[in-house]
Amino acid sequence: MIFGTGILQGLMVTLKNFVTSYFKAPDEGGIFTVEYPEKRLPEKERFRNFPFLLYDKNPENLRCVACDICAKECPPKCIYIVREFDKDGKPLKRPAVFDIDFTVCMNCGICEEACPFDAIYMDHEFEIASADRHAKLLYHRDDLLKSNEYFHKIRPTDASAIDARRREAEEKKKAAEAAALAAQKAKEAAAAQAKPPEPPKPAAGA
Amino acid sequence: MLPLTLLVKAGLYLIMAISLLAAVASVSLPNIFHAALALALALLGIAGIYLGLQAEFVAVVQVLIYVGAVITLVIFAIMLTNRMADRSTPAKNSLGAACLAVAAGLFSILVRFIRSTPWPETTSAPAPGTSEIGQALMGPYVFAFEVISVILIAVLIGAMVIAKKDNPGEDAP
Amino acid sequence: METLDQIFVLSKKGILDFLGTFLPEWVVTLACVAITIKAIAVLGPVTMMYLTLMERKVIGRMQNRIGPNRVGKWGLLQPLADGVKMLTKEDIVPHGADAVSHFLAPILIVIPSLLAFAVIPFGRGMTPVDLNVGVLFFIAVSSTTTIAIFMASWGSRNKFSVLGGMRSAAQMISYEVPMVLSVVPVILIAGSLSTNDIVLAQAGWGGLKWFVFTPWGFFAFIIFFLCGVAECNRSPFDLPEGESEIVAGFHTEYSGMKFALFYMAEFMNSFTVSGLAATLFLGGWQGPFLPSWLWFFLKTYALIFVMIWFRGTLPRIRVDQLMGLAWKFLMPLTLVNILAAGLWYFTEGAARWLITASILAGSFWLLTKLNRGYTPEKRVYLFAE
Amino acid sequence: MIPLSHLLIFSAALLVIGIYGAVVRRNIVGILLSIELILNAAALNFTAFSRFALAGDQEAGVIFTLFIIAMAAAAAAVGLAIVIALFRVRKTIMSDEINLLKW
Amino acid sequence: MSPMTPLIPFLPLAAFAVNIFFGRKLGHKAAWVSIGASTASCAIALPLIFQVAGGAHFAASARWLDLGGRGLDFGYLLDPFSATLLFVVTIVGTLIQIYSTGYMHEDPRFSRFFAYLSLFMAAMLTLVISDNYILFFMAWEIMGLCSYLLIGFWFEKDSAANAARKAFLTTRVGDVGFFLGIMTLFVAGSSLRFEDLAATVKAAHPVLPAAALLIFCGTIGKSAQFPLHVWLPDAMEGPTPVSALIHAATMVAAGVFLIVRSFVLFEAYDAAMNMVTMIGAITAFMAAFIALTATDIKKVLAYSTISQLGFMVTALGLGGLSAGTFHLMTHAFFKALLFLGAGSVIHGTGTQDIREMGGLFTKMKHTAWTFLIGSLAIAGVPPLAGFWSKDEILLTAFEAGNFPIFALLCLTAFMTSFYMFRLVFMTFFGKARNHHIHAHESPAVMTGPLWVLAIASVFVGLPGSPFFNHWFQGFLHGHGHHAVHPVNWIVVGASISAGLGGISLAAVFYLGQGGFPQKVASAFRPLYTLSTNKFWFDEIYAKFIVAPFNGVGRMLFSFDQKVIDAAVNRTGLATLNTSAFKNWFDKYVIDGFVNFTGHFTQLLSALLRLMQTGFVQHYLFLIFLSVLALMLLEMRL
C-alpha cells in the first residue's frame, strides 16, 4: 500500500479518540478521569491503610487487652504498647499507651491477623498527610480508637462476619460458664457426700 | 522627513561601527567559538548595510547563506576539531606587531586613495529588485550561473570525500 | 462584514489619525511602526501561551484524559501559571559554562521567531511588513536559529546538550533545503516572493483556487508542512530534545526564564510555520464569509492542531530515518514538484492536470520503492552470545 | 544615503582587519574566518559600486556579490573539510604546528 | 720402394706412447708391449735387409717443409750401411729389452723404463734409415734426450741425476758443433740429402772443410771421443741394460755412423781425415790406459767402449770405411754381451766393485761362460768376431802406411786384451774376496739373451773374414768395383800376438801369486796415479771450464742485479714521487676549488633557506608586505 497510509490510519485512530472523548460515556471510550478532590471513586472494601483500634459502643471498653502479640508480630516494629496498672499496681487488661508510628507502618495487615481479640483492623482512611512528620504521624491510643459502627461502615462484610463470630463465642462461653457452674455445684455436692476417703499412700520404694 | 533619513544614516553608521567591532573581535578573540559568533554578527551587520543600499535580495541571501550555512559549517568544524576545555594555547602567533604595522600602512594608503578620488554622491536609479536580478541572472549571466552550480557540486563532493572518516592510506603519522 | 474584516486596520488608522493631529509627521510613521511591533510583541507570547495549553488539552483528549483544568475555568489560566512558575524557578548556569553563549542563546533563538511574524499576512492588508522578498526573508530568518542552537548546546558545556545541538543543527539544515525548494513552485506560479501577492494569487471560487488543490501544490504543502514541523523540532522529528536519549537536548542546562524563552521560540516558530503554510497553500486569509483574519487564524490553528495531532500519535523517528526522509525522499520529491509546477505553468486545461498528476504520482511511487525501509543488518555482538 | 567613500573606507577597514586576522591567528579555522571577512569586504564594494554607478546595468554588481557569496561558501566548505581531515591526522589545527612543508 | 719402412721406427714410437700413457695400468705387461714392438720392427727390417743384401736400394722422400725457394724433404734411405746398422740395432735392442724385463723386475717405475727404451729404439731406427741431415739431427737429439732420461732413471740418487745432466750437456756441446756443420752444409749446398752430398762436395764450396770439422764435433760429443768423453764413465749410473744398449751398441755408434754417412765430405779434405785419425788414436790409447786401473766393473767396460770407438774413428780417419763399419757391427754384439754379463754379475752379487768379487765361475755358470766368450771376442782371439774387425782396422792402418798409428793401435789392442782378462780373472777366477756375497745365477730370461749374443759374437765376424772372401766389405761397397786384397800375415800375426800376450800377462798378474799387480803399480807410481785419476779430466774441466763459466754467470748476474735492476727501481721510485706530487696538487688545488664552489652555494642557500619556515602565515605576511611595498612604490613614482 502507498507510503504514508499507515501513518494516516494511526492519525485517524487518535482523531477518532479525540472526537469521541467529548461524546462517549466514560467506560465506552470516553474520558474516565475522576477529578479527585471533587469527585471520588468508591473505595473498595478490601482496601487497607493504617490500622485502628476497635471499641464497642464507647471508647472505654476497647477490645485490646495489651497482650503485645501484635507488637511482636509487626515486621517494622511500629507498635508500642504499655499495659495499664490500677492504683495499687495490679496489671489491668487495658493498654495505657498504644502508639503506632504511621511513618513506619507499611500497612501489611499482619497485626490484624495476629490479634486474637479482634481488637486491631486496617482502616480505609488515606488522607492523613500532614506537615509535621514526627509528631503528627505518631498516633496515640485515643487517636487510633474507632467505633465498631465505623468498622461496619467501611468494611461491612468483614465486620458482620466478625460480630457474628464474637456473638457465637459469647454464647458458647456463657453456656460453658453455665455448664461449669453446674458442674461446680454438682462437684461440691458430690464432695460433700464422699468426705471420708482413705489418706494418700506413702511414697513407693526408690 | 529629514529626521527619518538622518535616523537611517545614523543607524547605518551604527551598524558599520558594530560590524567593525565585531570584525575586530572575531579576529582577536582567543576563544574560536566566540570569534565565529563575532563574525556572524559582523556578517549580519554587512547584511544590514546591504539593506541600507536597498539590495534586500543580497542582504537576505547573505543572511541565508553566510549566517545560516557558512557559520554553521564553521561551528561544526570548531566542534569537531576543538577540545572543549582547550583554553591554554595563545591565539595569536609571533607576527602580531609586524602585521599590524603592515595592515595600518595598507589601510592608510587605501584611505588616501579613496579620499583623493571623486566618487559619485547620489545613488542611481531605483535599486534592482529581485525580478531584475532574476532576469539578469538568467539572461546575460546564465553561463556564470551554470559554472557556479557545477563548482558548488564539485565542492560538495570534494568536501565530503576529504572529511570522510576512513580515508584509506592517510592514517595518523 | 467589511468593517469586521478590517477592524484592526481601521482601529490602527484611527489611532494614527488621532496622533497625527498633534504630533509631527515622522513621529506618526514611527508610531505606526511602533503599533505594528506592539501588536506582534503581544500576539507572539500570547499565542505561545495558549498554544501550550491547547497542546496539552488536545493531547490529553487524544489519550482519553482531560488535560489541565485546575487553573481557571477550563485550564485557561494554566499558561499564566506556567509563566509564573517559569519566572519563579531558579536560573542555573552550569559551572565552567561559556557564560556569554549560555546567556545569549535563548535571546538569539527568540529574535528570529519574532522576526518571522513580520512577514506573515494575518489578514487583508494586515501584513506587518510587506517585503517583496517576504518568503525568502522568512527562510533566511529561520535558518539563523541554527546558530542560537549551537550557542545553547556549546554554552552549557554538557555532552548531552552538545550532542542534541549537533543533531538539531543537522536536522534543521537538512530540512531547510526541501522547505526552501517546496516554496519555489508557489513563487513560480504566484510570480512574486511577497506573501501578500501569493495570498492574492489564490483568491477566487470560494477557495478552490488555493494552491493546495493543485497536484503540485498538494505535494508542496505536505513537504512544506513536514519540513516546518521538523524545523521547529516538534513531534516525530523532536530528536534534539529526545527525552529518552539525551535528556532535553540543547536546553538541558536551562531552567527558569531561559527555558521559557526556548519554549516560546519553539511555539512561535510552529505558529509562524503553520501561518506561512496557510498563506502559501491554504489561501492565507482568503475565505468566503468570515473576516479575513479569522480565516487566517482558523487555518493556522487547524494546522497547529495537526502538529499537535502528530505529537499525539507518531513515535519519534530514528536519526538515519530522519536524514533519509529529508535527503532521499523529500528532496527529490520537491525537485520533481518544481518540474511539475513548471509544466503546470506552461500547459492549459486537462493536459495540465494530467501531466502534473501523473508525474508526481509516478515519482512518489518510485521514491517509495527506492526508499525501502532501511533495516540495519543484524548486529554482531562480539562478546555476548 | 551614506556617501560611497564611507562605504569604501568601511570595506577597506574590513579588508585590513581580515588580513591582520589571516596572518596573525594561530587557529586555522580562525584564518578561514578572516578570509570570509576579506571576501565580504570585497563583495560589499561590488554592491556599493553597483548602487552608485551612474551608467551600465545595475544588476552586475549585485550578481557579482551573489557569486562571491556562493564562492566563499564553497571555499569555506572545502577549507573546513581539510581542517577536519587535518585534525584527524595531526590531532592539532594550530597553523604553526603544521610546518612539515619546509626545506 | 717398400712402404713398410717407415713403420720400423713408428712401432717402437707407438709402444712408447702406449707405455707412457697406460704404463701404470699395464704394470709388468709394458715390457711385452715394447718387446713386441721391437720384434715386429725387427721382423719388418730383416726381409728388407736381405733384399738390400741382394743389391736392392730403397729410398723415398716427401716434401715436409717449404723454406722460401728451397723445400725440405724428409724420407728414408735403405743402403748397405743403414741395413747393417738396422740389423744390429733391432736384434741387440730386442735382446736387451728381454734381458731388462728380468733385470728391472722389482723397479717401481718398470713401465716408464720400457717406455724410454721404446722411445730410444724409435729414435735410433729413425736415425738409421733417415735420408737427410735434418731428420738425422732430430733423431740424434731425441737419442740425447733418451740417454739423459735413462742415465738419470734412478733420479733419487744425486750421482745419477748429475751424471745424466753431465752426459746431456757434454753431448749438447757436440751437437751444437754438428748443427753448425749442418747449417754450413745448407749454406754450401742447397740440399741436405745424403745422396746429394757428393754433388755439394763436388761444388767445392770454401766453407766445406769447416763443415766437415763441425760435423766431426757431433761425433766427438756423441761417441765420447777425446775431449768430450768424460760423460760416458759417469753414465754407468744408469741401469746396466741401458749402458748395454745405449752406451755400448747403438747410441755411441751413431757418431761413427754420422761419419760413415758424410764420408764423402771427409774424404775430400785430408785435414779433416787427419783430424779424425788423430782424435781416434788418442781416444783409443787414453781410454785403454785408464781402463787398466779401473776397479768398477762397468767403468772398465765403459773405457773399453771408448777405446774401441777410438779404433773405429781412427779406421774411418784412415779411409777404412768398411773396416770401421765392420768393427762397429761386431763391437755392438760382444760389447752388449759384456755389459749384460756385467749386469748379471751385479744382479747376482749386488756390488759393482771387482775387488770384492772372485770365484764366481762356479756360482754363475752361464754368465761366466758368456762373459768369457765376450772377453775373448774383444781381445781379438782369432775365430771370434773381434779378431776379424780389429784386424781389418790394423790392416787399413798398415796399408795407409801410417806406422806410428799402427804401433799405437797394436799397443792399445794389447792393453785391451790385458784389462779385459784382468777383469775376467778378478771376478770369475780365484777365491771369493767378500764372504757376504751369496752370488746366485740370474734367471733364464737374463741368461737367454746372453747365450744368443755369445753365439752372435762368435759368428757375426765371419761374413767379413777371408773365408767368405770379405763378403761384408763387398756388401758395403756395392760388390762390383771392390778389389779383394790378399791376407796380410804381418798384421794378422801382430794382432794375434797382441791379444794372446795381453791374456797371458793378465793371467800371470792376477791368477798367479806373485803379487805382481802391486809391484808394477808401485814401480810405475806416476803412471798408475795418472790412470786411476782418469787423467784428471773431470777436475780440469771443472776448474777451467765450469768454474770460469760459473764466474761469468755470477758476474753477469751481479751486473744485472746492480745495474739494470737498480735502474728499473730508480725509475719506479721517480714515477712514485712525481705521482705523489701530482696527487697533492690535484687534491688541494683543483678539488679545493671545486669544493669551494659547492661550499659557497651551500652557504648562500643556508641564507635563503631561512625564508622557507614552513609556516603558512609567514608566506601570507610576505605577500601583503610585498603588496604594501608595491603600492608604496606606485605612490612614489
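Mentor: Welcome! Please keep in mind that this is a predicted model. Chain E has two strands, and its helices number 26.

Trainee: How confident is the prediction for chain E, going by its mean pLDDT?
Mentor: In chain E, 97% of the residues reach a pLDDT of 70 or more. For the model as a whole, the scores are ipTM 0.72 and pTM 0.59. Coming back to chain E, its mean pLDDT is 83.

Trainee: Which residues have the most contacts inside the largest nonpolar core?
Mentor: That core has 199 residues. A second, separate core has 188 residues and includes Ala23(B), Ala40(B), Val273(C) and Ala13(D). In the largest core, the residues with the most contacts are Val92(E), Phe120(E) and Ala336(E).

Trainee: Which residues is Ala336(E) in contact with, leaving aside its neighbours within four places in sequence?
Mentor: Ala336(E) belongs to the largest nonpolar core. With its sequence neighbours within four places set aside, its contacts are Val92(E), Ile96(E), Ala244(E), Ala248(E), Ala249(E) and Leu453(E).

Trainee: Is Pro449(E) buried or exposed?
Mentor: Pro449(E) sits in helix H20 of chain E, residues 444–459. A residue is buried if 20 or more other C-beta atoms lie within 10 Å of its own. Because Pro449(E) has 26 C-beta neighbours inside 10 Å, Pro449(E) counts as buried.

Trainee: How far apart in space are Pro449(E) and Leu340(E), C-alpha to C-alpha?
Mentor: Leaving aside neighbours within four places in sequence, Pro449(E) is in contact with Leu95(E), Ile98(E), Tyr99(E) and Leu340(E). Pro449(E) and Leu340(E) are 109 residues apart in sequence. In space, their C-alpha to C-alpha distance is 8.6 Å.

Trainee: Let's turn to chain C. Where in helix H5 of chain C does the kink lie?
Mentor: Helix H5 of chain C covers residues 99–117, and the kink in it is about 35°.

Trainee: Which helices do the buried residues of H5(C) pack against?
Mentor: The buried residues of H5(C) include Ala105(C), Pro106(C), Leu108(C), Ile109(C) and Phe117(C). One packing partner comes from chain B, and the others are from chain C. They are H2 (32–52) of chain B, with H3 (25–62), H6 (134–155) and H11 (257–281) of chain C.

Trainee: Which element gives the largest share of the side of chain B that touches chain D?
Mentor: In this contact, 75 residues of chain B meet 63 residues of chain D. The side of chain B that touches chain D has 59 nonpolar, ten polar and six charged residues. Its largest share, 13 residues, comes from H3(B).

Trainee: And which element gives the most to the side of chain B that touches chain C?
Mentor: Here the contact takes 21 residues from chain B and 25 residues from chain C. H1, H2 and H3 of chain B are the elements giving two or more residues to the chain B side. With eleven residues, the element that gives the most is H3(B).

Trainee: Which strands are the edge strands of the open sheet in chain A?
Mentor: This sheet has three strands in the order S2-S3-S5, with antiparallel pairing. Six bridges join S2(A) to S3(A), residues 91–101. Each edge strand pairs on one side only, and these strands are S2 (79–85) and S5 (138–139) of chain A.

Trainee: Is Lys77(A) buried or exposed?
Mentor: Lys77(A) lies in the loop between helix H2 (69–73) and S2 of chain A. Its phi is near 55°, a positive value in a residue other than glycine. Because Lys77(A) has 11 other C-beta atoms within 10 Å, Lys77(A) is exposed.

Technical notes: Residues are numbered from 1 along each chain as its sequence is written. Chains are lettered from A and ligands numbered from 1 in the order in which they are written. This is a predicted model: local features need pLDDT of at least 70, side-chain atom pairs count only at pLDDT 80 or more; totals for chains, interfaces and linings use all residues. The bend at a residue is the angle between axes fitted to the seven residues ending there and the seven starting there. Helices (H or I, at least four residues) and strands (E, at least two) are DSSP runs, numbered from the N terminus. A residue is buried if 20 or more other C-beta atoms lie within 10 Å of its own, exposed if 12 or fewer, and partly exposed in between; C-beta atoms are placed from the backbone. Two residues are in contact if their C-beta atoms, placed from the backbone, lie within 7 Å. Ala, Val, Leu, Ile, Met, Phe, Trp, Tyr, Cys and Pro count as nonpolar, Asp, Glu, Lys and Arg as charged, and the others, Gly among them, as polar. Two strands pair if DSSP finds at least two bridges between them. pLDDT is the predictor's confidence in each residue, from 0 to 100. A nonpolar core is a set of buried Ala, Val, Leu, Ile, Met, Phe, Trp, Tyr and Cys residues joined through C-beta atoms within 7 Å.
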